[in-house]
Amino acid sequence: MEFSNYLSITDILVTNERIPCKFLHDLPKMGFLDPSAADDDLKAGTNAEIPIWLAESLYTRRPPLVNVELPKTYKDSYREILNADACTVDLHKLGQHFYELGCYVAKHDIKGEVGSTLINTLRQRFRMLLSASVATDSISAMQPLSASERLQAAAAARTERNLASWLQRGDCPLTTANMVANHRKRKRAEMEMF
Amino acid sequence: MDPYEIEFIGENRIISIIPNFTYDKIYLICGEFGPFRAGLPMNVPLWLALMLKQKQKCRIVPPDWMDMDALENIKEEEKRSRFFTKMPNEHYMVEAKLILGAASEDVPNASEIKTVIKDIWDIRMSKLRTSMDALMKSGGGYGRLDHLTMMEINSVKPLLPAAMDSLLRIQMKSKKTTPANLNVSSFSQSGGSSQNI
């Protein structure tokens, strides 16, 4: 789960996610942020959904221009489901980047319960990753996993496959090591550049 | 890491052979071995032993632990204990697979031994999986890897560290930004309750 990195695609996608915000001040000429507004100006007290990157910068201003609210998937009702049994939830449908988005949302949660819900969810759903890595029907096992969980499960499945093939094979065929193969390609790429 | 890479590391272990030819000392990167005297037992690395065996130049002396009674004891112990027991050999699986694969006629009761070792491996692997799950559920911050062999550690490698990693990241993120309300499991607390994995 590589996030909070300037070049991370996941992070860019996550920060583009829209979250509900309440504007605390009148903002002239910013009416376009609220698609339902008829005016050019944005009134104080308007509720609108804006991307996280915008919400973050508006929130960190002194005084803050917006008040960030929790998206519905992180609210009490959903949190109760997740805390009861996280394994029944299809995180892929609920939000592909559930954990990453949750980390951004967690700091705006006054009660601080989103963070513990995230950790709880991760702990409970580890069993799903384990079973997805050995499942024969990998497509249906992978289906309810979020994007980062899918990556982890796929990596685990790869190890599992390698181990199984090692155990079954009688002898070891000699092949080029990955490192060596990559090294040669890199050399050729370098030669072509100059 | 690929299992074959671990096999390569395991192939450096020294085992006993009885050569059927006579030759001077040989000088290898990993040391000098020999001189070879026909009929006299001597120690060589596993890979060399296998190579000589394939050319029918030697007989492999099975390691002490590759014995029916000893392995049955280990299996019982492994079944009884909640934790992992100490294996007779850091690369028991690699050694067993290579020796039994190439020189099964040199080992008495080869097929039974193969089954017992496979049983031990299966018991340990299922124990490893259940304790991994228990570790994550119980909220432990670290796991002890006592008596796990390299091949077994490798089998959990991308999954468990990645999960612990994302756990730590979420904990750091939600802790850093909300210093006022500490979460249920702060990191020092969860470190205390360790699981034996």
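Entry one, ground rules. I am working with a predicted model, in which local features need pLDDT of at least 70 and side-chain atom pairs count only at pLDDT 80 or more, while totals for chains, interfaces and linings use all residues. Residues are numbered from 1 along each chain as its sequence is written, chains are lettered from A and ligands numbered from 1 in the order in which they are written, and side-chain values use heavy atoms, with hydrogens and water left out.

Entry two, the count. I looked for cavities, meaning sets of points on a 1 Å grid over the protein atoms alone where a 1.4 Å probe fits but cannot get out, and I found 5 of 30 Å³ or more. A volume here is the space filled by probe spheres set on the points, which are joined across faces, edges and corners.

Entry four, the second largest cavity. Its volume is about 60 Å³, and of its 12 lining residues Tyr99(A), Leu122(A), Leu129(A), Glu149(A) and Gln152(A) lie nearest the centre. I traced the largest share of this lining, 4 residues, to α6(A).

Notes. On a 1 Å grid over the protein atoms alone, a cavity is a set of points where a 1.4 Å probe fits but cannot get out, and a pocket is an open set with protein on both sides within 12 Å along at least five of seven lines; lining residues have an atom within 4 Å of a point. Helices (H or I, at least four residues) and strands (E, at least two) are DSSP runs, numbered from the N terminus.
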